[in-house]
Amino acid sequence: MPDDETGALYQQMILDHARERHGAGLADEAAVAVTNHQINPTCGDEVTIQLEVDGDLIADVHWDGVGCSISQASASMLHDVVRGLTTAQARARLDAFRTMLRSRGADEGDADLLDDAVALAGVARYPARVKCAMLGWVALEVALEELAA
Ligand code: ZN
């Protein structure tokens, strides 16, 4: 569990991403390989993820959404994490993120894998908010499955 100083830093990172929204704004459908939209009815969050691919590489990630700062910050962090990775690498990051969020606080997350998304580690202690944090990543998961199909 992060100490108070780390907790405050993480809180600031979440607010910064929710405001700055890295990669937000949808691309023309013709430019993307796959689009997926997910909703979290318990909180009213919505996130759409688009992947541009070049061979097996995720060349770019576009997203848009509405909802709470956790859901929107998480999508912004996702953009930074998976852009430029192979689909297999992105899948591994997604698995690491989900493991952290399901750990109820036991897994602080690996910053080498999850970059700024480790700031969401504390959300694992609030089961009602885990769906907010997972929303964009579930959209990524479905998008990756569609790409593989
Ligand atoms: Zn939410």
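Val 53 has Ile 58, a residue of strand β3, as its bridge partner. The model examined here is predicted, with local features requiring pLDDT of at least 70 and side-chain atom pairs counted only at pLDDT 80 or more, while totals for chains, interfaces and linings use all residues. Residues are numbered from 1 along each chain as its sequence is written, and side-chain values use heavy atoms, with hydrogens and water left out.

Strands β2 (residues 45-54) and β3 (residues 57-66) pair in the antiparallel sense over nine bridges; pairing requires that DSSP finds at least two bridges between two strands. Strands here are DSSP runs of E with at least two residues, and helices are runs of H or I with at least four, numbered from the N terminus. A hairpin is formed by β2 and β3, with two residues between them. In its turn, Gly 55 has a positive phi of about 65°.

Helix α1 spans residues 4-20, 17 residues in total. From its first C-alpha to its last it reaches 24 Å, close to the 24 Å expected at 1.5 Å a residue, where the expected span is 1.5 Å times one less than the number of residues. Which residues of α1 are buried? They are Tyr 10, Met 13, Ile 14, His 17 and Ala 18, with buried meaning under 20% relative accessible area, exposed over 50% and partly exposed in between (1.4 Å probe, protein chains only). These residues lie on the same side of α1 because they cover an arc of only 130° around the axis, the arc being that of the directions from the helix axis to the C-beta atoms. On the other side of α1, Asp 4, Glu 5 and Arg 19 are exposed. The buried residues of α1 pack against α2 (69-82). Just after α1, Arg 21 takes a positive phi of about 50°.

Helix α2 also holds His 79, which is buried at a relative accessible area of 8%. Apart from neighbours within four places in sequence, His 79 is in contact (heavy atoms within 4.5 Å) with His 22, Gly 23, Asp 60, Val 61 and Trp 63.

Distant parts of the chain are linked by Asp 45 in strand β2 and Cys 132 in helix α5 (residues 127-148), 87 residues apart. Asp 45 is buried, with a relative accessible area of 0%, and Cys 132 is buried too, at 1%.

The largest nonpolar core has 43 residues; such a core is a set of buried Ala, Val, Leu, Ile, Met, Phe, Trp, Tyr and Cys residues joined through side-chain atoms within 4.5 Å. Ile 49, Leu 51, Val 82, Phe 97, Leu 120, Trp 137 and Leu 140 touch the most other members. Two or more residues each come from α1, β2, β3, α2, α3 (87-101) and α5, and α5 gives the most, with 10 residues. Not counting residues up to four places away in sequence, Leu 51 touches residues including Val 32, Ile 58, Leu 140 and Leu 147.

Ala 106, by contrast, lies in the loop between α3 and α4 (111-114) and is exposed, with a relative accessible area of 70%.
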